[in-house]
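Hi,

Here is the structure for you to look through. My notes follow below it.

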Amino acid sequence: MSFSCGFIGLPNSGKSTIFNALTSLAVPCQPYPFCTIDPNVGVVPVPDRRLFRLAELLQPEKVVETTIQFVDIAGLIKDAHKGEGLGNRFLAHIRNVDAIAHVIRAFNAGQVPHVYEDIDPARDMDIVETEIIISDLEIVEDRIKKIERLAKISKDKGETEMELLLRVKRYLDTGRFVAMEDFDETERHVVRGFDLIATKPLFYIANVDEDTLADIPLPKIEDAAKQRNRQVVYICGKLEQDLSVLPEEERSSYMELYGMKEFSIEKIIHVGYRILDLITFYTVVGKVMRAWTIPRGTPCIKAAGKIHTDMEKGFIRAEVINIDDFIACGSEHAARERGLLRLEGKEYIVQDGDILHIRFNV
Ligand SMILES: Nc1nc2c(ncn2[C@@H]2O[C@H](COP(=O)(O)OP(=O)(O)OP(=O)(O)O)[C@@H](O)[C@H]2O)c(=O)[nH]1
Ligand SMILES: [Mg+2]
């Protein structure tokens, strides 16, 4: 499972700039070249300091990072659902992503017109999210009508689905995203199948000017995000795009100049993993070292199945060591001597940073 993130926002909020900055960074990165599935979909390897550190120690022939997928779509404006601007049909491209990044314009740049003239994060949040909600409502209402039609000619009255659709509709009717925590696991599975956007976790990307970088967090955005119970990631899209095409050494000195500690991809990964409750585990199989993404709470046998179905079928046990412990010890031998290598069974819940060595027999 690669984590996927779709960008929404007003036109000229900087979605494509940020998308380009994130995806072009991946170009020189081996062994996962930036892979274009579609002009607006980019798959990027997740920069992982722990993995790189482990690779330095073990010198594997190949290092495979876990990946993240970004989807950039056209901007939405007020009444997009009535065909204003480019309309809302592009939303179809982000119905299957895991999380939504709402890009909020926080840069001034006189030469780049703002659709609504001034910088007003709360207003922009509401305009774009209202369009999402309206678009989802159309889908929910169509589905309700379809079930009603089918119920007349079929024994299956679709009662469970109908009840869930009505529950979802209640949130949307009051202009809110759907609170997925109010549904149990089975219900959530059905609701996800509706392919709505307002059921996905959403966070904000505040696209700021170079000269406001020093002023972040910006109170207007913080307040608006807090009221909506959502997190904010600050990015200067333009600067990152410019930096992303520079050679590595030059990039670092500019980052220092602007007081940037990390590229925004790392910030997005942190927030994305946190809101989706994902963790990373590692494997070293033969000459290949690899990072994997799974939901927190995954039992060892399921994690094994992600590596290979045979490992799940013939699972015997797993040797487990935490990557930080391994790095601190410097070698497997040293880690063994200190008793840091454990044997775990199939029910063991994989922890973030575990290096798993699956013993199996098929
Ligand atoms: N000064 C400044 N300009 C920016 C920044 N981010 C984007 N821009 C400029 O704003 C303009 C619009 O940026 P895009 O990335 O195309 O915006 P978008 O959200 O993709 O717009 P649509 O595709 O029309 O919805 C471009 O000229 C960018 O160079 C920024 O952080 N600072
Ligand atoms: Mg764009």
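In this predicted model, 69% of the protein's contacts with a separation of 6 or more are between residues 24 or more positions apart. Two residues are in contact if their C-beta atoms, placed from the backbone, lie within 7 Å.

A note on conventions. Residues are numbered from 1 along each chain as its sequence is written, and chains are lettered from A and ligands numbered from 1 in the order in which they are written. The model is predicted, and local features need pLDDT of at least 70, side-chain atom pairs count only at pLDDT 80 or more, and totals for chains, interfaces and linings use all residues.

Now the inside. Of 362 residues, 31% count as buried (20 or more other C-beta atoms within 10 Å of the residue's own, placed from the backbone). The largest nonpolar core has 55 residues. A nonpolar core is a set of buried Ala, Val, Leu, Ile, Met, Phe, Trp, Tyr and Cys residues joined through C-beta atoms within 7 Å. Residues with the most contacts inside this core include F7, F70 and A198. Beyond four places in sequence, A198 is in contact with I132, I133, D136, L172, F177 and V178. Another core lies apart from the largest one. That other core has 21 residues, among them L51 and Y282.

Next, the domains. An automatic or database assignment gives domain 1 (3-274) and domain 2 (297-360). Their C-alpha centres lie 33 Å apart. Four residues of domain 1 are in contact with five of domain 2.

Best wishes

Terms used
Buried ≥ 20, exposed ≤ 12 C-beta atoms within 10 Å, placed from the backbone.
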